[in-house]
Amino acid sequence: CVAGRIAGGCRKRLAAACWLVMYKTDALSGSGQPLAPWLQGQLERLLLQQGHAWLLSGPSGLGQFDLALALATAWLCEQSGPHGACERCSSCHAVAVHTHADLCLLLPETLSLSLGWPLDEKTQDDLDGKKRKPSKEIRIDAMRDAVEFSQRTSARGRGKAVLVFPAERMNNVTANALLKTLEEPPGDVKFVLASDAAHQLLPTIRSRCLWHSMVWPQEKASLAWLETKGVQHAQSSIVLRAAGGRPLDALLFAGTGRNAQAWPILPKAMARGDLSVLKDWSPAQTVDALHKLCHDMLTVKVGAGPRFFNSADLPAGGSIASLTAWSKSLAKTARTVEHPFNPGLMLEALVSEAKNALNSRQ
């Protein structure tokens, strides 16, 4: 909970979720940047509806956190209108500098540190003293602080807002601690939960929220937005395809420094066992790319169209059995990919496995 916490916070660059470590956008850090066009329309529709708890659900890369923060900012704004917060009043400024006394963010500690949202003093002292590592889950202590926050009187007199992201990072104990407050919130507090995997939430959490499914932007709008963020025209369509049409994930890809031109040649390079195309890629990035390749190969084998690559870029080999086994192996590898293995040896093993799966006839 960040309500009334340390002004300024701590901006240490610790390992958070891999998508955020790769690249941090101004929009994600809550710096007051304008919402993407496909999010602005959703914000205006949400503001017209009544409710005390919202669940914003959709796949990653569609802007759940941005929309949730914009919604909470509008609730607290002193001059909010049908289009959202005014971005000029003292309340909007307090949100932008991460010091609003009536806003509580429940984030994993790794994510809070990466985004620059301050932690409570005890947690910060524990991390500074290396007593423990920052949590990748939303901890029960933070949830208890949020419940206590919801019971206090509003500091600015315009109610309070609690934002939970990613909501699926609440374990069962943490989620159960929220249930009673979510069902019967005290006073004028509102909740907005944002999730990339709402199916992982407890049914009792989902049933207490009004559901909002994130809108997928049109390809033309996504490409135009990416170019306003500095992505070169020649790369925008490639990174958007690599992200499966999710513009924020495409922006993260563009911000990693990887050569986007390597993406179309990746499938056939893996079929040849060519390591050179992955020379600038981390193990996590490699596993993610191979998973997407395996997905597209399987969809083509069953008569559907690929999502992450063009059909002409895919190799002709591979069988359903070998690709299915490869998919299971990649899922197992993904669970331990952040362990301190030897990157070079791990890369060789991954490419060798890819080559075998892509060339198998059985």
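**View 1. Overall dimensions of the predicted protein chain.** Residues are numbered from 1 along each chain as its sequence is written, and side-chain values use heavy atoms, with hydrogens and water left out. Along its principal axes, the C-alpha trace spans about 65 × 45 × 35 Å.

**View 2. The largest nonpolar core.** This core has 74 residues, and those with the most contacts inside it include Leu56, Phe65 and Met270; a nonpolar core is a set of buried Ala, Val, Leu, Ile, Met, Phe, Trp, Tyr and Cys residues joined through side-chain atoms within 4.5 Å, where buried means under 20% relative accessible area (1.4 Å probe, protein chains only). Helix 3 (residues 64-76) provides the largest share of this core, nine residues; helices are DSSP runs of H or I with at least four residues, numbered from the N terminus.

**View 3. Helix 14 and its buried residues.** Helix 14 (residues 283-301) reaches 27 Å from its first C-alpha to its last, close to the 27 Å expected at 1.5 Å a residue, the expected span being 1.5 Å times one less than the number of residues. Among its buried residues are Val287, Leu290, Lys292 and Asp296. Gly303, whose phi is positive, near 95°, follows helix 14.

Conventions:
This is a predicted model: local features need pLDDT of at least 70, side-chain atom pairs count only at pLDDT 80 or more; totals for chains, interfaces and linings use all residues. Buried means under 20% relative accessible area, exposed over 50%, partly exposed in between (1.4 Å probe, protein chains only). Helices (H or I, at least four residues) and strands (E, at least two) are DSSP runs, numbered from the N terminus.
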